[in-house]
Amino acid sequence: MTTVVLNRRSLLAAGGSILATELLVTGVPGLLLPARAAGLAPTETMSGGANNYRKGAAIVERIGKGGFWMSGTVRHAGDGAPLAGQRIQIWAHTTEGQEHEPQSHGATLTDKDGKFRLEMPQIIPIFGQPHGHLAYDSGEFKTVFLRPIMRSAKETSLEAHFVLQSA
């Protein structure tokens, strides 16, 4: 069994040792580890995200009769800055059409805060999963396809967020 006796001399020695280590590690007193800016990692394409994708789907005010909201944000990898004017294509299997049909596709643009929102018909399950499809494919950044799954077919909205990496 080891007994540690703390007195004024041992406390001063321990404090000096920590300070010296801190200076060696960081070069700045008061920081034990150097600050790191990890940045915001880019979004990876999801498996099945590109199913029934149609290159160049038109920008629309709404898909079909509406009633369901697809929304999200688009940010720049690294600094997380919002990206305005980015085209996001959206499609899904809905009450008004299957996801491979042209009327089930539409696109929208992000606003000045990098947000997008598009109304579409209610999404219904296909192969047991209610899900939407979203794509960024404009070319300034690397293409990303997303396929977020809803918890329930009764939900009336779905969010998806993009972090884009320069092409």
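**Exercise 1. Work out the strand order and the pairing of the open sheet of three strands.**

Solution. Start with the order: in this predicted model, the open sheet reads 4-1-7. Its pairing is mixed. Next, find the edges. Strand 4 (115-120) and strand 7 (157-164) each pair on one side only, so they are the edge strands. Finally, take the twist. From one strand to the next, the average is 20 degrees.

**Exercise 2. Describe how strand 1 is joined to strand 4, and find the bridge partner of Met70.**

Solution. Locate strand 1 at residues 68-76. Strands 1 and 4 run antiparallel, with six bridges between them. Strands of a sheet can pair either parallel or antiparallel, through backbone hydrogen bonds. Now go to Met70: its bridge partner in strand 4 is Leu118.

**Exercise 3. Place Glu155 in the chain, then list its contacts beyond four places in sequence.**

Solution. First, the chain position. Glu155 sits in the loop between strand 6 (144-146) and strand 7. Second, the contacts. Beyond neighbours within four places, Glu155 touches Phe68, Gln122 and Met150. Third, a distance. Pro130 is 25 residues from Glu155 in sequence, and their C-alpha atoms are 9.4 Å apart.

**Exercise 4. Decide which stretches with pLDDT under 50 call for caution.**

Solution. Begin with the whole protein: mean pLDDT is 85, and 77% of residues reach 70 or more. Then check the stretches. Residues 1-6 stay under 50, with two contacts beyond four places in sequence. Residues 10-36 also stay under 50, with 18 such contacts. Where pLDDT is low, predicted coordinates should not be read in detail.

Conventions:
Residues are numbered from 1 along each chain as its sequence is written. This is a predicted model: local features need pLDDT of at least 70, side-chain atom pairs count only at pLDDT 80 or more; totals for chains, interfaces and linings use all residues. Side-chain values use heavy atoms; hydrogens and water are left out. Two strands pair if DSSP finds at least two bridges between them. Helices (H or I, at least four residues) and strands (E, at least two) are DSSP runs, numbered from the N terminus. Axes are lines fitted to C-alpha atoms, for helices over the stretch in contact, and angles run from 0 to 180 degrees between N-to-C directions. Contact means heavy atoms within 4.5 Å. pLDDT is the predictor's confidence in each residue, from 0 to 100.
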